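Visitor: Hello! I am new here, so please pick one part inside this structure and walk me through it slowly. What surrounds it, and what lies beside it?

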Amino acid sequence: LGPCSPSASPQALEDQYSPSRWAPRLHRDTIVDTHLSVTAAGTERARASTQTLLHVPYGSGDGEKLDIYFPTDPSGTFPVLVYIHGGYWQCLSKDESGFAAPPLVSQGVAVVAVGYDTAPKGRCCPAKSAAAGMTRCPLTLASPLCSGHIDTMVLQVRRSLTFLVEQYPGIRGIYLCGHSAGAHLAAMVLSTDWTEFRVVPDIKGTVLVSGVYDLEPILHTYVNDALNMNWEVAQRNSPMRHVGLVVPPACEVLVAVAQHDSPEFRRQSQEYSQALRAAGWSVSLLDLAGVDHFDIIEKLSEDSYVLTQVGRRAVPRR
């Protein structure tokens, strides 16, 4: 199946950008709720077994908070893996994002789950309906004060990294990991012009899991009901459009995609990794067999999972 163009039927685009339709292990009506339950339970276990600082504010926005999971022995310097959650930019939170911490903190790596202000809840999360009376900021207010605008989410994630660098001088290298919409946000971090910020984070590696790197197709799907993006916003926030605009740093990029991701998700991962490689980035594409859009990231709580092992090798111990 080739790429879906904007001229594709609305139903074709809806199907391609509905990950729950492509997972064979569970019915589409239950897999998202199951994902929420699995990641929330894993995060509860991680919080109970790890030294943490929870709800650390990195800005004034409601969602601008971090959860920090410290290494078993946090003395001295240590690398940090920053996890950026998915949820189609409108659901999930840092409170379901600590599940991957235990295998890493035991190896001397700190894990930081980043919160950001998501858009009003949309149809991607049937378990969480839209809050009554919630209003959306106009697209013309693409500022830090415009909660739930995709420009703001990108800026918030960038700010979270500068906060970490300034507050924790013991950090020895930052490694990003993002899933789905979080992979998009992590990829946007790679395109950052850090001269606009007070510090330059030392990003040594990035793991992008089942992400969306060109937002233009999203304009034509239910996902945009909550995001309310126009063409300019989608272009401005598409990592594919910025690959050649930044000199590639000494940063290893791993683009991972699931066997049971949709053809469109798989195409986006393949084309983004190819674009990075053509622009001079050090990039690898990992096509993971036997997993879908949801358990490809859920399994990071397991020591034996291939992506956990790859992450451990990529993030050197302190």
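**A walk towards an inner space**

Guide: Let's start with helix 4 (residues 150-167), whose 18 residues reach 26 Å from first C-alpha to last, close to the 26 Å expected at 1.5 Å a residue. That expected span is 1.5 Å times one less than the number of residues, and helices here are DSSP runs (H or I, at least four residues), strands being E runs of at least two, both numbered from the N terminus. This is a predicted model, in which local features need pLDDT of at least 70 and side-chain atom pairs pLDDT 80 or more, while totals for chains, interfaces and linings use all residues. Residues are numbered from 1 along each chain as its sequence is written, and side-chain values use heavy atoms, without hydrogens or water.

Helix 4 is mostly covered, with 13 of its 18 residues buried; buried means under 20% relative accessible area with a 1.4 Å probe, counting protein chains only. The largest nonpolar core has 61 residues, and Leu161 and Trp89 are among those with the most contacts inside it. A core joins buried Ala, Val, Leu, Ile, Met, Phe, Trp, Tyr and Cys residues through side-chain atoms within 4.5 Å. Helix 5 (residues 181-190) supplies the largest share of this core, eight residues. A second, separate core of 27 residues includes Cys177, Leu254, Ile297 and Leu307.

Now for the part I picked: the largest cavity, which holds about 130 Å³ of space. A cavity is a set of points on a 1 Å grid over the protein atoms alone where a 1.4 Å probe fits but cannot get out, and its lining residues have an atom within 4 Å of a point. Grid points are joined across faces, edges and corners, and the volume is the space filled by probe spheres set on them. The lining includes Cys177, Leu254, Leu300 and Leu307, and helix 10 gives the most to it, with five residues.

Helix 10 (residues 306-314) has Leu307, Thr308, Val310 and Gly311 as its buried residues. They sit on the same side of the helix, because they cover an arc of only 160 degrees around the axis, taken from the directions from the axis to the C-beta atoms. Their cover includes helix 3 (101-105) and strand 7 (252-258).

Finally, Leu300 lies in the loop between helix 9 and helix 10. Beyond neighbours within four places in sequence, Leu300 is in contact (heavy atoms within 4.5 Å) with residues including Phe99, Ala100 and Thr308. Phe99 is 201 residues away from Leu300 in sequence, yet their C-alpha atoms are 7.4 Å apart.

Terms used
Buried means under 20% relative accessible area, exposed over 50%, partly exposed in between (1.4 Å probe, protein chains only). On a 1 Å grid over the protein atoms alone, a cavity is a set of points where a 1.4 Å probe fits but cannot get out, and a pocket is an open set with protein on both sides within 12 Å along at least five of seven lines; lining residues have an atom within 4 Å of a point.
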